[in-house]
Amino acid sequence: MTKEKEVTLEIRQADSADAALVVDFLNQVGKESDYMTLDEAGIGMSPADMEQLVQEMAENRICLLLFLDQELAALLNITAASQRSIQHIGDVFIVVQKAYWNQGLGQILLEEGIEWAHSTGVLRKPVLNVQVR
């Protein structure tokens, strides 16, 4: 009988102190999959640029981080335009570190994001575009 290891799962909203961690994470995962807009070049942002972006999060934007035992394992970003005619549409970006694929983390994070979107009272249509590079 195999004994499963207990892990601590934490989901929280990114803040400016997470900027360098998020940049490093995105640069890493960009090399792990051909199914996202990131590639081997990574995010192309400095930690200072990311810090500014995180500070500009508005009520129609969120960046959620999922940690397993204090290691960043997945990230979800939902961004909606401020333009009234399309503010109900949220562009979804989600990525799970390859070491954690097929463990349901993406589903957990997406469910959290959808719950947040419903709570805004504005976002009604999350959109996820997937592409093969």
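Predicted model: local features only at pLDDT ≥ 70, side-chain atom pairs only at ≥ 80, totals over all residues.
Contact here means heavy atoms within 4.5 Å. The buried set itself is made up of Ala19, Val22, Val23, Phe25, Leu26 and Val29. These residues sit on the same side of helix 1, because the arc they cover around the axis is only 165°. As for its placement, helix 1 (residues 19-29) lies across strand 2, strand 3 and strand 4, and runs at about 95° to strand 3.

Stepping back to the whole chain, there are 3 helices and 5 strands. Read from the N terminus, the elements come in the order β-α-α-β-β-β-α-β. Of the 133 residues, 32% count as buried.

The strands come together in an open sheet of 5, with the order 1-2-3-4-5 and mixed pairing. Strand 1 (9-13) and strand 5 (125-128) are the edge strands, each pairing on one side only. From one strand to the next, the twist averages 25°.

Now for the sheet, pair by pair. Strand 1 and strand 2 are antiparallel partners over 5 bridges, and here Glu10 has Phe67 in strand 2 as its bridge partner. Strand 2 (residues 61-68) also pairs with strand 3, again in the antiparallel sense, over 8 bridges. Along this pairing, Arg61 stands opposite Thr79 in strand 3. Strand 2 and strand 3 make a hairpin with 2 residues between them, and Asp69 in the turn has a positive phi of about 45°. On to the next pair: strand 3 and strand 4 (residues 89-96) are antiparallel too, over 7 bridges, with Asn77 opposite Phe93 in strand 4.

Strand 3 (residues 71-80) is mostly covered, with 8 of its 10 residues buried. Strand 3 is also one of the strands that helix 3 (residues 105-120) lies across; the others are strand 1, strand 2 and strand 4, and helix 3 runs at about 150° to strand 2.

What about the nonpolar cores? The largest has 17 residues, and Leu66, Ile78 and Leu105 are the ones with the most contacts inside it. Strand 2, strand 3, strand 4 and helix 3 each put at least two residues into this core. The largest share, 5 residues, comes from strand 3. A second, separate core of 15 residues includes Val23, Phe25, Val29 and Leu72. Val23, Phe25 and Val29 have already come up among the buried residues of helix 1.

Ile78 deserves a look of its own. Setting aside neighbours within four places in sequence, Ile78 touches Asn60, Arg61 and Ile62, then Gly90, Asp91 and Val92, and finally Gly113, Trp116 and Leu123.

Two single residues round out the picture. Asp18 is found in the loop between strand 1 and helix 1. Is Asp18 buried or exposed? The relative accessible area of Asp18 is 7%, and the cut-off for buried is under 20%, so Asp18 is buried. Apart from neighbours within four places in sequence, Asp18 is in contact with Arg12, Gln13 and Leu65.

Val130 belongs to the segment after strand 5. Which side of the cut-offs does Val130 fall on, buried or exposed? With exposed meaning over 50%, Val130 at 57% relative accessibility counts as exposed. Val130 and Phe93 are 37 residues apart along the chain, and their C-alpha atoms are separated by 9.2 Å.

How values were computed
Residues numbered from 1 in each chain as written. Heavy atoms only, no water. Buried < 20%, exposed > 50% of the residue type's maximum accessible area, 1.4 Å probe, protein only. Helix = DSSP H or I, 4+ residues; strand = E, 2+ residues; numbered from the N terminus. Pairing = 2+ DSSP bridges. Axes fitted to C-alpha atoms, helices over the stretch in contact; angles between N-to-C directions. Arc of directions from axis to C-beta. Core = buried A, V, L, I, M, F, W, Y, C linked by side-chain atoms within 4.5 Å.
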